[in-house]
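Hi,

Here is the structure we talked about passing on. Please look it over, then read my notes below.

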Amino acid sequence: MKIEDDVVGSVVNRLRRAEGQLGGVIRMLQDGRDCKDVVTQLAAVSRALDKAGFAIIAAGLEQCIDAGEEGRPDRAQMEKLFLSLA
């Protein structure tokens, strides 16, 4: 399966943001920041990774689903549906 370039770009951007957030979490731990703040930021990293994964899944499904008369499936709608299950 080849994922479209626009999807790859979007996912890479999300992963880079998550990478930055994770670096921030590491610094917070090293600086002895409050546990609640660390966990909050760690949850944000986790959500960013989940969104990247769901975007990849939605793109893959889009290639596999026959959209019929309506045309191509709406990737954003499929991603939103997947996120609602998480």
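Predicted model: local features only at pLDDT ≥ 70, side-chain atom pairs only at ≥ 80, totals over all residues.

Leucine 42 belongs to helix H2, which covers residues 35-64. How accessible is leucine 42? Its relative accessible area is 42%.

Next, the inside. In soluble globular proteins, nonpolar side chains tend to be buried together. Here the largest nonpolar core has 6 residues: Ile3, Val7, Val11, Ala52, Ala55 and Ala59. Helix H1 (5-30) and H2 are the elements that each supply two or more of its residues. H2 gives the largest share, 3 residues.

Which residues does alanine 59 touch? Leaving out residues up to four places away in sequence, alanine 59 touches Ile3, Val7 and Arg75. Ile3 and Val7 are core members too.

**Salt bridge**

How many salt bridges does a search of the whole structure find? The count is 1. It joins the side chains of aspartate 37 and arginine 33, at 3.9 Å from N to O. Aspartate 37 has 33% relative accessibility, so it counts as partly exposed. Arginine 33 also counts as partly exposed, at 45% relative accessibility.

Over to you.

Best wishes

Note on methods:
Residues numbered from 1 in each chain as written. Heavy atoms only, no water. Helix = DSSP H or I, 4+ residues; strand = E, 2+ residues; numbered from the N terminus. Buried < 20%, exposed > 50% of the residue type's maximum accessible area, 1.4 Å probe, protein only. Core = buried A, V, L, I, M, F, W, Y, C linked by side-chain atoms within 4.5 Å. Contact = heavy atoms within 4.5 Å. Salt bridge = Lys/Arg side-chain N within 4 Å of Asp/Glu carboxyl O.
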